[in-house]
Amino acid sequence: VSIFEIDEHDGWWYIAMELVEGRSLYEMVDSAGPLTSARAAAVIADAAAGLRAAHHVGVIHRDV
């Protein structure tokens with residue numbers, strides 16, 4: 001995901017990032033039912049890898 005801006009407003013830091021189109025995890029489960037264990041593990045692993053990369057450069061994702 002591309003980062004367009006990192007800035008602060010009224011004491012709150014923010015990151016403006018590219019919007020990536022696609023379905024949310026909620027939408028996936030809502031339309032197809034519960035994920036298999038293997039698919040759930042893959043989704044969690046992908047999320048963890050993204051969070052690890054962000055943490056590596058000092059970014060804490062507040063929405064997780």
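I15 is found in strand β2, where helices (H or I, at least four residues) and strands (E, at least two) are DSSP runs numbered from the N terminus. With 31% relative accessibility, I15 counts as partly exposed; buried means under 20% relative accessible area, exposed over 50%, and partly exposed in between (1.4 Å probe, protein chains only). This is a predicted model, in which local features need pLDDT of at least 70 and side-chain atom pairs count only at pLDDT 80 or more, while totals for chains, interfaces and linings use all residues. Residues are numbered from 1 along each chain as its sequence is written, and side-chain values use heavy atoms, with hydrogens and water left out.

**Hairpin**

- Strands β1 (residues 3-9) and β2 (residues 12-17) run antiparallel and are joined by six bridges; two strands pair if DSSP finds at least two bridges between them.
- The two strands form a hairpin with two residues between them.
- D10 lies in the loop between β1 and β2 and is exposed, with a relative accessible area of 65%.
- Phi of D10 is near 55 degrees, a positive value in a residue other than glycine.
- Most residues other than glycine have a negative phi.
- D7, in strand β1, stands opposite Y14 in β2.
- At 32% relative accessibility, D7 counts as partly exposed.

**Surface patches**

- Patches are made of residues with over 30% relative accessible area and no salt bridge; like charges are joined within 9 Å, and nonpolar side chains (Val, Leu, Ile, Met, Phe, Trp, Tyr) within 5 Å.
- A salt bridge is a side-chain nitrogen of Lys or Arg within 4 Å of a carboxyl oxygen of Asp or Glu.
- Accessible areas come from the Shrake-Rupley method with a 1.4 Å probe, and for residues only the protein chains shown count as cover.
- A nonpolar patch on the surface is formed by V1, I3, I6, W13, I15, M17 and V20, with about 760 Å² of accessible area together.
- The elements that give two or more residues to this nonpolar patch are β1 and β2, and β2 provides the largest share, three residues.
- A patch of negative charge on the surface gathers E5, D7, E8 and D10.

**Segment after α2**

- R62 is in the segment after α2 (37-56).
- R62 is exposed, with a relative accessible area of 73%.
- The C-alpha atoms of R62 and D30 are separated by 25 Å, and the two residues are 32 residues apart along the chain.

Definitions and conventions
Lys and Arg count as positive and Asp and Glu as negative; His and the chain ends are not counted. The place of a charge is taken as NZ of Lys, CZ of Arg, CG of Asp or CD of Glu.
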